[in-house]
Amino acid sequence: MGKMEDRIDGRNANQLRPLACSRNLLHRAHGSARWSQGNTIVLAAVYGPKAGTKKGENPEKASFEVIWKPKTGQIGKQEREYEMILKRTLQSICLLNVHPNTTTSIIVQVVGDDGSLLPCAINASCAALVDAGIPMKNLAVAISCGLMEEGSIILDLTKSEEEKLKAFAYLVFPNSPLTVIPKVPLSKEQPIEQGIITSVTRGAMPVSGYFDCMNRGVAACAAISEFLRRSLQKQSSDDTSRAA
Amino acid sequence: MDVDTTSTTTTSLVDRIVVPGDVVLDLTKMENQTVRLGAGLRQDCDSISVMQAGKLRLSKPNKYWVESSQKRYIPSLEDAVLGIVVDSRSDNFLVDIKAPNLAFLPVLAFEGGTRRNIPKFETGTLIYARVVKANSIMNPELSCTDASGKAAEFGQLKNGYMFETSTGLARTLLSSPTCPVLEALGKKISFETAIGLNGRVWVNGSSPDDVILVSNAIMRSEFLSGTQQRTMVEKLMERLRGN
């Protein structure tokens, strides 16, 4: 713990960048949200549910389409990969049989990119889906974890950290719910209670390092989930909430 | 002692803002009781959990629902809605009511409607109608008569001005006792209004000034409390009458 060097922006290993979330910004979109983590800012807009599904989709379920718009440049393979990951993540948290034979479009616009772009986009899309009232099973909360050379984990990577690190992972967990059912005590075999939704890794890391990332990610996601809940509590015409 | 880090246990979530995933009822504790679920809740094996974010409400003895406000409308039976005709077929009109599917308004669903006196609605006509069939699979169906077959103010709305709001504001405007903004406006101005639960409001008054004043007052009143609404209406009236 004492050997860790300071990160460039002065945070310690477990510290997240300042979070800000505002919903209902776009007048025409049925749901919209802007999520920022430091200088990484993503604006998500949701249109739907609209009638009809695309050709290859199952008409007995609701279908989702994701359009990713980068800040500059043409749309290429990286954007298609992000679209696919986002679509699969959001499909797994939404209830697909409430509005069969409909399409919901989610458009993600990157406003600023300073690392952790995919987790920021997932958080923004989830907040936009809540704003649009799309039925969901639970919320998704995403975080990026990097594995340093000596085995320590840092959270919420910036762009320069992502470029320097050997391996890092984007992890998406379900949010922590409020429940009236008394909680069953956690057993040793099931350290992560609600499971994991998505995991995207870059680089090679040992298995123990990956599980360390997951444990830290769960704890951080509990904090982000708390922030998301607080920002959803406020119901005003253009509500904004910030957390440092 | 285990530290509870992943979820918090509370006694009751009624009248609190809930998010998707929250568990609001444990059915194993409620044997031999009927529970009625409204919008925004679903049954997940032995528990009731939340689908949409909003405020959880309970109507004694056993009706639970989540009050949320959206820009889109999910059709439900016996709602009065304002629709815009987009197309007409031989046996029904296709009407847009801000729902996932287009609604059908049968050509004969008017008071005294026969094949000989079918109304001619062009594209863009504003209709005040009642939902008579609504489920997630089929297109919703509307009717311009009430349950006994009388016209009862349903039908085409002529003149006036229509604007869109959220479903939450539409419900507030229709609540009883009368919404403060409508009451304050009604004391000074005479106007008529049709409010659709799908988030559309139509206002008609004797002069365009009145219509604009009423529409602006309604649009601004969404997030204000009762007294704030009354003050807002007074300020609007002063500004317009004083000039």
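This is a predicted model: local features need pLDDT of at least 70, side-chain atom pairs count only at pLDDT 80 or more; totals for chains, interfaces and linings use all residues.
**Domains, chain B.** I looked up the domain assignment (bounds come from an automatic or database assignment). Chain B has domain 1 (2-67), domain 2 (80-156) and domain 3 (161-242). The C-alpha centres of domain 1 and domain 2 of chain B lie 36 Å apart.

**Sheet β15-β17-β16, chain B.** I take helices (H or I, at least four residues) and strands (E, at least two) as DSSP runs, numbered from the N terminus. Two strands pair if DSSP finds at least two bridges between them. Here 3 strands of chain B form an open sheet in the order β15-β17-β16, with antiparallel pairing. β15 (161-164) and β16 (191-196) of chain B each have a single partner strand, so they stand at the edges and one side of each lacks a neighbour in the sheet. Neighbouring strands of this sheet are turned by 20° against each other on average, direction ignored. I read such angles between axes fitted to C-alpha atoms (for helices over the stretch in contact), from 0 to 180 degrees between N-to-C directions. Between β16(B) and β17 (residues 200-205) of chain B I find 6 bridges. B:A194 sits opposite B:W202 of β17(B).

**Helix α3, chain B.** Helix α3 (residues 208-220) of chain B lies across β15, β16 and β17 of chain B, at about 150° to β17(B). I checked its length. The expected span is 1.5 Å times one less than the number of residues. For the 13 residues of α3(B) that gives 18 Å, and the end C-alpha atoms are 18 Å apart, which agrees. Next I looked at burial (buried is under 20% relative accessible area, exposed over 50%, partly exposed in between; 1.4 Å probe, protein chains only). The buried residues of α3(B) include B:V211, B:V214 and B:I218.

**Hairpin β10-β11, chain B.** Strand β10 (residues 92-96) of chain B runs antiparallel to β11(B), joined by 4 bridges. B:V95 has B:A103 as its bridge partner in β11(B). The two strands form a hairpin with 6 residues between them, and B:K98 in the turn has a positive phi of about 65°. Side chains alternate along β11 (residues 103-106) of chain B.

**Aromatic pairs.** My rule pairs rings of Phe, Tyr and Trp (its six-membered ring) with centres within 6.5 Å; planes under 30 degrees apart are stacked, over 60 edge-to-face, the rest tilted. I count 8 aromatic pairs over all chains. A:W35 and A:F227 are edge-to-face, 5.6 Å centre to centre with 80° between the planes. A:W35 is in strand β2 (residues 31-37) of chain A and A:F227 in helix α4 (residues 207-233) of chain A, 192 residues apart. Both are buried. A:F168 and A:Y170 form a tilted pair, 5.6 Å centre to centre with 55° between the planes. In chain B, B:F93, B:F110 and B:F121 form one aromatic cluster.

Conventions: Residues are numbered from 1 along each chain as its sequence is written. Chains are lettered from A and ligands numbered from 1 in the order in which they are written. Side-chain values use heavy atoms; hydrogens and water are left out. Contact means heavy atoms within 4.5 Å.
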